[in-house]
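Dear colleague,

I am handing over the structure below, and after it I set out what was found, taken region by region. Please read the notes with the coordinates open beside you.

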Amino acid sequence: MSLRYNNTRTHPSHKIASKYVILHFKKLLSSAIFSSSSEFLCRNAYKCIPNWMRCDGQNDCGDGTDEPASCRLYYCTQPGLFQCHNANSSSHCISPTLLCDGVPQCMDGSDELNCERHTCLESQFKCQNPPKCIPKSQQCNMVDNCEDSSDEKACRKLNHAVPGL
Ligand SMILES: [Ca+2]
Ligand SMILES: [Ca+2]
């Protein structure tokens with residue numbers, strides 16, 4: 001894409017086109033800076049939230065843009081739960097701690113989709129392969145909870161730093 005703002009001819013349509021290009025460029029820039037593919041960029045609040053927080057009945061953005069009118073009907077009994085993709089009742093809602101935990105709780109398996117791009121909760125550790133979330137308490141416990149030992153790799157020094165060892 002080539003941008004020429006110093007055109008000698010300043011026809012009104014050029015101005016409108018330039019304005020559109022700048023706006024579009026700003027939009028691209030902000031999404032490139034503030035959000036990854038696993039995140040949703042709040043439109044007005046200039047912050048990113050994990051994708052699964054969209055349409056969960058809770059205003060996580062603060063500006064409400066994660067809960068647009070186009071969201072599917074929310075059947076869950078409380079906000080903040082993950083609604084399985086094929087949900088048609090509250091029985092198809094699970095805690096977000098069960099997303100990408102390596103066990104499908106949704107009948108359609110939608111809680112275990114795209115886990116390589118899933119953002120684990122702050123209370124969780126993300127294993128490398130398979131990409132799944134485990135409780136942080138299982139990190140550095142000298143047990144391979146990840147299946148690839150990635151939960152035990154980054155903390156060898158921590159294990160050795162235990163007083164008395
Ligand atoms: Ca939300
Ligand atoms: Ca699960």
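A residue is called buried here if 20 or more other C-beta atoms lie within 10 Å of its own, exposed if 12 or fewer do, and partly exposed in between. By that rule aspartate 60 is buried, because 22 other C-beta atoms lie within 10 Å. Please keep in mind throughout that this is a predicted model.

Aspartate 60 belongs to the loop between β2 and β3, and, once its neighbours within four places in sequence are left aside, it is in contact with Ile49, Met53 and Asp66. Across the chain from it, glycine 80 is 20 residues apart in sequence from aspartate 60, with 8.9 Å between the two C-alpha atoms.

As to the chain as a whole, it has 3 helices and 6 strands, which follow one another from the N terminus in the order α-β-β-β-β-β-β-α-α. Of its 165 residues, 18% count as buried, and among contacts with a separation of 6 or more, 19% are made by residues 24 or more positions apart.

Confidence deserves a word before the details. The mean pLDDT of the chain is 82, with 72% of the residues reaching 70 or more. Over residues 1-8, however, the pLDDT is below 50, and this stretch has 3 contacts in the model beyond near neighbours in sequence. For residues 160-165 the pLDDT likewise stays under 50, and there the model has 1 contact beyond four places in sequence. Where pLDDT is low, the predicted coordinates should not be read in detail.

Leucine 99 itself touches Trp52, Phe82, Asp111, His118 and Cys133, when residues up to four places away in sequence are not counted. In soluble globular proteins, nonpolar side chains tend to be buried together.

Apart from residues up to four places away in sequence, cysteine 93 touches Tyr75, Cys76, Leu81, Phe82, Gln83 and Ala87. Threonine 77 is 16 residues apart from cysteine 93 along the chain, and their C-alpha atoms are separated by 8.4 Å.

Leucine 81 is found in the loop between β2 and β3 and counts as partly exposed, because it has 19 C-beta neighbours inside 10 Å. Between leucine 81 and threonine 97, which are 16 residues apart in sequence, the C-alpha to C-alpha distance is 9.4 Å.

Most residues other than glycine have a negative phi, and most peptide bonds are trans. Tyrosine 46, in the loop between β1 (39-41) and β2 (48-50), has a positive phi, near 50°, and it is partly exposed, with 13 other C-beta atoms within 10 Å. Cysteine 55, whose place is in the loop between β2 and β3 (82-83), also has a positive phi, of about 60°, although it is not a glycine; with 18 C-beta neighbours inside 10 Å, cysteine 55 counts as partly exposed. The peptide bond from asparagine 129 to proline 130 is cis, with omega near 0°, and proline 130 is found in the loop between β5 (124-126) and β6 (133-135).

Finally, towards the end of the chain, lysine 153 has its place in helix α2, residues 150-153, and counts as partly exposed, with 13 C-beta neighbours inside 10 Å. The C-alpha atoms of lysine 153 and cysteine 140 are separated by 8.0 Å, the two residues being 13 residues apart along the chain.

With kind regards

Note on methods. Residues numbered from 1 in each chain as written. Chains lettered and ligands numbered in written order. Predicted model: local features only at pLDDT ≥ 70, side-chain atom pairs only at ≥ 80, totals over all residues. Contact = placed C-beta atoms within 7 Å. Helix = DSSP H or I, 4+ residues; strand = E, 2+ residues; numbered from the N terminus. pLDDT = per-residue confidence, 0-100.
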